[in-house]
2 protein chains.
Amino acid sequence: MNLDGRKIAILKALIEDYIETAEPVGSRTIAKKCDIGLSSATIRNEMSDLEEMGYLAQPHTSAGRIPSNLAYRLYVDSLIENIRATSMEMELIKRKMEDHLSELNRFLDFSAKTISDSTGLTAVTGAPRMNPGAISHFEIVKASEHYLMFILVTNTGMIKKRQVRILTHIDENSILYLKQILNEELAGCTLEMITADKVERLKRRFNDNFELLGIILEFVTETLAASGMGEYYFSGKSETLKAPEFSSMDKVLGFLDLVEDKEQITSLINTAAADNKNGITVVIGDESPILKNKDLSMVVSTYKAYGGRNGAIAVIGPKRMNYGKVITTLEAMSRLMSEILEHTEGETDEER
Amino acid sequence: MNLDGRKIAILKALIEDYIETAEPVGSRTIAKKCDIGLSSATIRNEMSDLEEMGYLAQPHTSAGRIPSNLAYRLYVDSLIENIRATSMEMELIKRKMEDHLSELNRFLDFSAKTISDSTGLTAVTGAPRMNPGAISHFEIVKASEHYLMFILVTNTGMIKKRQVRILTHIDENSILYLKQILNEELAGCTLEMITADKVERLKRRFNDNFELLGIILEFVTETLAASGMGEYYFSGKSETLKAPEFSSMDKVLGFLDLVEDKEQITSLINTAAADNKNGITVVIGDESPILKNKDLSMVVSTYKAYGGRNGAIAVIGPKRMNYGKVITTLEAMSRLMSEILEHTEGETDEER
DNA sequence: GTTAGCACTCCTTGAGTTCGAGTGCTAACA
DNA sequence: TGTTAGCACTCGAACTCAAGGAGTGCTAAC
């Protein structure tokens with residue numbers, strides 16, 4: 001017994017009906033819907049075969065069938081039709097998105113909103129993972145009489161500041177001088193390159209500003225060691241919960257627990273994104289232990305930001321989601337985001 | 001008919017029982033619980049009076065009574081007992097919080113978690129509203145052959161950067177020179193102080209780098225104009241939804257809609273925080289149109305961050321929340337956060 | 001191989017019933 | 001006059017039961 005064309009047609013029709021209605025699908029419904037000129041009895045036989053093969057399941061004896069994980073997997077991998085988003089619409093979205101470009105977090109927030117609006121599900125956008133890289137510039141600013149501000153810029157565009165209280169007086173000239181030393185010694189250094197040797201050299205050149213050097217080096221090493229874990233931006237959570245599968249409270253809590261747990265979301269998205277560097281990854285229900293027993297699926301894509309770093313965008317929703325729509329939306333959005341972010345090369349601000 | 005001591009005792013006992021059980025409270029329950037030596041019949045009479053006075057309500061004739069908004073208001077304003085959090089516990093929390101101080105967003109995130117852990121409800125912490133202030137330092141860094149990075153630091157500790165593509169070649173010395181001009185002319189300037197006059201002077205001194213000046217000025221004015229609207233950090237949403245009042249789906253969606261809508265949350269917290277600059281504000285149910293028909297209450301407090309700016313912390317939960325616990329928790333946390341943030345005076349980093 | 005027919009299963013729905021918590025009222029009591 | 005015991009009444013929650021219907025699986029006929 002194998003999957004011939006008729007079985008596939010029936011399976012496809014069944015999945016699509018189930019996606020639409022969230023109700024178990026009976027043989028008569030399919031007989032009416034897809035006009036291959038078969039009676040419900042024949043379809044019943046085929047469905048029985050499909051159940052045996054693991055593609056369908058019955059909630060109880062006298063109910064219709066629902067697709068299994070295996071069926072969804074087949075559907076996503078080979079049955080789905082690519083609905084192309086109209087380029088007109090995309091052009092409009094792109095223009096709107098460019099308006100939100102001035103700050104990365106706003107941009108990602110808006111992108112998440114756009115995706116969730118278009119899919120009706122929960123969208124997540126993840127900031128590109130920051131690699132601290134090497135020091136490109138170190139700045140010391142005298143903020144006030146007793147405060148200095150350090151600013152460190154790295155070649156990956158990361159920028160960190162710290163304000164520290166100083167007890168002894170330092171004049172502007174000394175600051176300028178120390179800054180020069182630091183930039184000479186540290187420019188181009190990654191964390192690994194700040195060796196004991198280097199520190200020793202700096203100590204010698206700093207001579208009487210021993211204490212200050214300690215504070216600065218602590219700041220620098222901390223900054224370079226920071227993983228810069230990407231933030232995630234969510235949109236459309238309550239939208240997703242309106243689906244009928246969330247009528248029972250434990251499903252709702254299952255979903256919210258997942259979405260609120262940053263660790264889980266991070267690991268889920270990261271593994272999925274790593275799986276497939278450039279395309280779309282679909283994780284269906286129990287395929288990930290994190291989604292287990294939650295009747296949820298996730299579709300993940302990546303976008304390229306400046307500096308070749310990858311960010312992730314994802315949609316989370318009931319296993320019975322409109323995969324075609326979600327996949328095309330994510331494809332289009334990741335293309336769009338890559339275009340905008342690669343193009344503008346780090347045109348993102350940060351404050352505070 | 002007025003509120004004598006006995007009525008108040010009964011009302012208090014009823015509210016506290018209802019807060020605990022979320023079930024309408026009958027006369028017998030109160031007779032057993034608070035031992036003023038009264039029979040259920042007497043209490044029944046008193047409860048009937050209290051209902052007439054608007055403090056109690058009955059879901060249906062043969063059910064117990066539940067407190068009205070008026071009763072909660074009375075309870076919060078005068079009946080509640082201040083449970084003081086042990087200073088030991090607070091000392092521990094403080095130490096933990098100081099560990100999370102290195103970045104403001106992490107700190108606020110952790111604070112929200114701490115509050116929601118201790119109350120079992122949804123906690124929100126809002127970053128202090130940033131006032132861009134005046135320019136304290138302007139930096140130009142040559143990121144690569146075709147990219148310059150501008151960094152602007154203001155006296156309120158705000159820091160913004162932007163990377164721009166340049167077509168013409170500029171050597172390091174010119175950059176140094178231009179930077180010097182900019183710092184001379186712009187240091188101490190607020191947005192209002194960048195007048196046409198000032199721009200004219202800069203133009204003259206920049207002479208051949210006309211185009212670059214335009215880009216820089218655009219960046220500067222945009223940065224100074226940015227309102228720096230405070231972000232909010234949530235924690236414990238799914239925790240709140242475990243309360244029995246959220247057994248019906250529309251209550252769940254009501255709560256999630258509120259929590260997801262940044263505009264609403266912002267306005268709700270801001271008006272509440274503005275109401276009462278230093279203490280705690282309690283908004284009970286319908287007292288705010290935003291909470292109307294959602295059976296929710298909110299408790300808001302503020303904390304002082306460096307530079308005298310105020311941030312907000314709040315707890316959102318069912319109207320039937322443990323106000324005593326929530327209020328003392330928020331009081332303690334706002335004191336703690338003020339101590340840490342005022343003390344460390346802008347010890348907050350930012351990256352990206 | 002396909003289909004009509006039919007018995008069977010099992011969920012859903014709604015009506016009817018019981019149960020019990022709680023009230024309001026009245027009459028008795030201190 | 002305030003308090004309490006007693007009792008009839010109310011009304012939602014929970015349970016049972018039967019009817020209805022959607023869907024299946026099997027068999028026999030085409």
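Predicted model: local features only at pLDDT ≥ 70, side-chain atom pairs only at ≥ 80, totals over all residues.

Colleague: Start with the helices. At what angle do helix 7 and helix 8 of chain B pack?

Modeller: Helix 7 of chain B, residues 172-186, meets helix 8 of chain B, residues 196-206, at about 160°, and their axes are 11 Å apart. Angles over 145 degrees count as roughly antiparallel, so that is the label for helix 7 and helix 8 of chain B.

Colleague: Is the crossing of those two right-handed or left-handed?

Modeller: Helix 7 and helix 8 of chain B cross in a right-handed way.

Colleague: And which residues make the contact?

Modeller: From helix 7 of chain B they include B:Tyr177, B:Leu178, B:Ile181 and B:Glu184. Helix 8 of chain B contributes, among them, B:Lys198, B:Leu202 and B:Phe206. Sorted by class, the contact between the two helices has seven nonpolar residues, five charged ones and no polar ones.

Colleague: Switching to chain A. Where does A:Lys179 lie?

Modeller: In helix 7 of chain A, which spans residues 172-186.

Colleague: Buried or exposed?

Modeller: A:Lys179 has a relative accessible area of 14%. The cut-off for buried is under 20%, so A:Lys179 is buried.

Colleague: What is A:Lys179 in contact with, leaving aside neighbours within four places in sequence?

Modeller: A:Phe138, A:Glu139 and A:Ile140.

Colleague: Last topic, cysteines. How many disulfides does the structure hold?

Modeller: Zero, over all chains. A:Cys189 is buried at 1% relative accessibility, and B:Cys189 is buried with a relative accessible area of 1%.

Conventions:
Residues numbered from 1 in each chain as written. Chains lettered and ligands numbered in written order. Heavy atoms only, no water. Axes fitted to C-alpha atoms, helices over the stretch in contact; angles between N-to-C directions. Helix = DSSP H or I, 4+ residues; strand = E, 2+ residues; numbered from the N terminus. Parallel < 35°, antiparallel > 145°, perpendicular 65-115°, else oblique. Left-handed = near helix turned anticlockwise from the far one by under 90°. Contact = heavy atoms within 4.5 Å. Nonpolar A, V, L, I, M, F, W, Y, C, P; charged D, E, K, R; others polar. Buried < 20%, exposed > 50% of the residue type's maximum accessible area, 1.4 Å probe, protein only. Disulfide = S-S within 2.5 Å.
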